[in-house]
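Student: I have a structure open and would like to learn to read it. Can we go through it feature by feature?

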Amino acid sequence: MFNSFIEFALPIFKTISILILIVAYLVWLERKVAAKMQSRVGPYSVGYPHGWLQPLADALKLMTKDDSIPKNSDSLLFNLGPVWIMVVSLASFALLPFYFNNPMLNVDLSFMLFIAISSLIIIGIFISGWSSNNKYALISVLRMTAQIISYEIPLVISLLIPCILIGSLSFGEIIRYQEDTWIIFYPLLGQLSFIIFFISALAEGNRIPFDLSEAESELISGYTTEYSGIKFALFYLAEYVHLFGICVLGSIIFFGGSNGPFFSSNILIVIKALLFFTLILFIRWSFFRIRIDQLLKFNWVKLIPLSFAGLLLACLLKYYMDFSSL
Amino acid sequence: MGDVNKSLKDIGTFMKLPGANLFITSTDQLFNWAKKSSLWPLSFGLACCAIEMMATFSSRYDLDRLGMITRASPRQADLMIVAGTVTVKMAERIKTLYDQMAGPKWVIAAGSCAISGDHYRHIYSVVPGVDWVIPVDVYVPGCPPTPEAFIDGILELQNIIGEGKTSPTFNSSPVPEEKTLSPLEVTKPPKKSKNVIESEFIDKTNLINHSMDLKSQGFTYLKFITATDFDTNIVLTYFLGNNVSNKEVEFNIKLDDDMKVSSLSNIYSGADWQEREIFDLFGIIFEGHPNLKRIMMPDEWIGHPLRKEYVMDSHYYPYRPTRKEYEKWKTEL
C-alpha cells in the first residue's frame with residue numbers, strides 16, 4: 001500500500017519540483033532579459049554570479065509577509081482562487097512529455113485534454129478577482145474573461161491544423177511524426193498556424209501586447225491587487241507555469257518536440273520551450289499595450305476567420321492526400 | 001497580529017527544546033537575508049525627489065541590481081519611499097497607503113521636505129516632516145538627494161534589516177507648547193498698496209450682460225479668471241480670447257466689502273473650476289455656480305490662504321493641523 005503510494009506520488013513530486021525550479025529561474029531570466037534590453041544589469045548583488053539567489057530570496061520574503069484578506073470579501077473564494085490556479089496549471093503538466101520519457105498520463109486525446117484542463121484557469125482568475133471586493137480587480141477580471149474566452153478559439157484551431165495533417169491528437173504520435181521534418185517547415189499551413197498560435201499564446205499567457213488585465217497604469221496590478229504574501233507568490237508562479245506550459249506545447253507541436261538535428265532527447269523539449277519563452281520576452285519588453293476593443297476586434301474579425309480558413313485548407317489537403325494514396 | 005501574549009508563551013515552551021535557539025537564530029538570519037534582498041518599493045512619488053528616485057531605478061543606477069522592483073499594489077510592497085513635500089491633504093493618503101501595506105514594512109524619508117518640510121516648513125499646507133504621520137526608518141538628506149544618496153540610504157536600510165533591528169521612529173521630540181489662536185484673532189495691519197491695473201473696469205451688476213455681448217462677438221474662449229488682493233479691495237480679472245480673429249479682451253471687476261459676484265459658468269463652462277479655485281483661495285462667492293466647493297484645500301480648512309490678512313509665516317498657526325492633532329491621529333492606529 002505504502003509502496004504503491006510512493007510509486008504514484010514520486011513522479012508527481014519530481015515533476016513539480018523540477019517545474020518550480022525552472023519557473024523560478026524563468027522569472028530571473030525575464031528580469032535579466034528586460035535589463036539587457038533597457039541597458040541595465042538586472043539582479044546582481046544577491047548571490048555571487050549575477051544574482052542567482054534572487055528567486056530564492058523573493059520566495060522566502062513573500063512567505064514572511066503578512067496575509068491580508070479584505071474586510072467584506074468572500075474569504076473562502078478569496079483563498080481558493082490562487083490554489084485553484086496553481087493546481088490547474090500544474091495539472092496540465094501531467095500530460096506533457098517534458099521530463100520523463102513518457103508523460104505521467106498517457107492517453108490518446110492528450111492534446112484535447114491539455115487544452116481542456118488549462119482553460120479551467122479562467123475560473124480561478126474570475127473567482128479571485130470577484131471575491132477581492134475591489135473595483136480594479138473586478139474590471140481586470142471582466143477584461144481577462146473576455147480576452148481569454150475569445151483567444152481560446154484561434155489557439156485551439158491553429159493547433160488543430162497540425163493535428164489534422166498528422167492525423168492524431170496524442171503528443172506521442174505528434175512527436176513521432178516529426179522525426180523527419182518539423183511541422184513549422186510544412187509549406188504554408190505550418191507557418192500560418194504557427195503565427196496564429198503565437199499571437200493567441202501571447203493573449204493566453206497575458207503577455208504584453210495583450211496584458212490588459214494587469215495594466216499597471218490603470219488597474220494597479222489587476223486581479224492580484226488585494227493579494228499579499230504567499231498567495232501573491234502562487235499567482236506569480238502559476239502565471240509563469242501556465243506560460244511555460246504553452247511554450248512546451250508550442251515546442252512539441254511545431255518544433256518537433258524531442259527530435260533534434262543531431263540527437264533526440266526529452267531535454268530538447270525544455271530547451272526549445274526556453275527559446276520560445278525568450279522570443280515571448282523580446283516581444284514583452286519592446287511592445288506597447290493595445291486597447292480592449294482593438295484586442296477583441298482583431299481576434300473576431302481577423303484571427304478567427306484566418307484560422308478557420310487554415311483549418312479548411314488542411315482538411316481539403318488531408319482528404320486529397322488520403323484519396324490519392326488509395 | 002493575533003494574541004501576542006499567547007504566541008509569546010508558545011515561543012517560551014518551544015525555546016526549552018534542545019537546539020531550539022540555534023534553529024531560531026539561523027532561520028531568523030535566513031529570513032532577514034531574504035527580506036533585505038528583495039525589498040519591493042511601492043511605485044509612489046510626491047514631488048521633485050520622485051524624479052531622482054525614478055532616475056535611480058532606471059538604466060544608469062539600476063536598483064534591480066539589489067533585487068528591487070516596484071509594485072503598484074501596496075499589498076505586495078515592503079518599502080515606501082516618501083520622495084517629496086508632504087502636504088496636509090496628501091498626508092491622509094500617505095497614512096492610508098502605509099496602513100494598506102502588508103507588514104513587515106519600512107519607510108524611507110527622502111529629501112529635506114519629507115524629513116522636515118525644509119523651506120516649505122512654515123507654509124499653510126505643508127506637514128513639517130513625514131514622521132509626524134508615519135514611522136520612518138531611514139532619512140536620506142538632499143534637495144533632491146542624488147541617486148548615490150538614495151542607494152546609500154537603501155544599503156543602510158538593508159543593514160538595519162539584516163541585523164534584525166527594527167527602528168520605526170515617529171518624531172519623538174517633545175511636543176511644543178502651541179499657542180492656539182482663533183482665526184479671528186489673527187489680524188495684520190493693512191498696508192496701502194497702489195492699484196496698478198490699467199485695463200477696463202466694469203460694474204459687477206453688468207458682468208453677465210457684458211460677457212454675453214462679448215461671446216456673441218466671437219470671444220468664445222475664457223482664457224482665465226484671476227483675483228488680486230489690494231488690501232482695501234479685491235480685483236477680479238477676466239481674460240477672453242477670440243479664436244477666429246485672434247484677438248484678446250480683458251476686463252476687471254472691483255469688489256469692496258461684499259464678496260459676492262455672479263458666476264460665469266453658465267456662459268463659459270471653463271469658468272467652473274477657475275471660480276472654484278478663486279473661491280477656495282480668496283473666499284469670493286460666485287452666485288449661481290453649480291458646485292461651489294473647495295478644490296485644492298481640504299474641505300474642513302479654515303480661511304482662504306491667498307488673502308492678505310491670512311498669516312503665512314507663523315509656525316503656531318491656527319489653520320494647519322498642529323503636531324498635537326497628528327499625535328492624536330497616531331494613537332488611533
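This is a predicted model: local features need pLDDT of at least 70, side-chain atom pairs count only at pLDDT 80 or more; totals for chains, interfaces and linings use all residues.

Student: How many bridges join S4(B) to strand S7 of chain B, and do they run parallel or antiparallel?

Tutor: Two bridges join them, and the strands run parallel. S7(B) covers residues 247-255. Look at Phe201(B): its bridge partner in S7(B) is Asn252(B).

Student: In what order do the four strands of the sheet in chain B lie?

Tutor: The order is S4-S7-S6-S5, in an open sheet with mixed pairing. The edges are S4 (201-202) and S5 (221-229) of chain B, and each pairs on one side only.

Student: Which strands does helix H7 of chain B touch?

Tutor: H7(B), residues 207-216, packs on the sheet and touches S4, S6 and S7 of chain B. Its direction makes about 180° with that of S7(B). Helix H8 (residues 271-282) of chain B lies across S5 and S6 of chain B. H8(B) runs at about 10° to S5(B).

Student: Now the rings. How many aromatic pairs are there over all chains?

Tutor: The search finds 23. Take Phe93(A) and Phe244(A): their pair is stacked, with 6.2 Å centre to centre and 10° between the planes.

Student: Where do Phe93(A) and Phe244(A) lie in the chain?

Tutor: Phe93(A) is in the loop between helices H3 and H4 of chain A, and Phe244(A) is in helix H10 of chain A. They are 151 residues apart, so the pair links distant parts of the chain.

Student: Why does Phe93(A) count as buried?

Tutor: Buried means under 20% relative accessible area. Phe93(A) has 2%, so it is buried. Phe244(A) is buried too, because its relative accessibility is 0%.

Student: What kind of pair do Phe232(A) and Trp40(B) form?

Tutor: An edge-to-face pair, 6.2 Å centre to centre, with 90° between the planes. Phe232(A) lies in H10 of chain A and Trp40(B) in a loop of chain B, so the pair joins two chains. Phe232(A) and Trp40(B) are buried.

Student: Which residues form one aromatic cluster?

Tutor: Among them are Trp182(A), Phe185(A), Phe254(A) and Phe276(A).

Student: Which ring does the charged end of Lys254(B) sit over?

Tutor: The ring of Phe201(B), 5.5 Å from its centre. Elsewhere, Lys215(B) lies over the face of Tyr268(B), 5.4 Å from the ring centre.

Key
Residues are numbered from 1 along each chain as its sequence is written. Chains are lettered from A and ligands numbered from 1 in the order in which they are written. Side-chain values use heavy atoms; hydrogens and water are left out. Two strands pair if DSSP finds at least two bridges between them. Contact means heavy atoms within 4.5 Å. Axes are lines fitted to C-alpha atoms, for helices over the stretch in contact, and angles run from 0 to 180 degrees between N-to-C directions. Rings of Phe, Tyr and Trp (its six-membered ring) pair if their centres lie within 6.5 Å; planes under 30 degrees apart count as stacked, over 60 as edge-to-face and the rest as tilted. Buried means under 20% relative accessible area, exposed over 50%, partly exposed in between (1.4 Å probe, protein chains only). A charge sits over a ring if NZ of Lys or CZ of Arg is within 6 Å of the ring centre and within 35 degrees of the ring normal.
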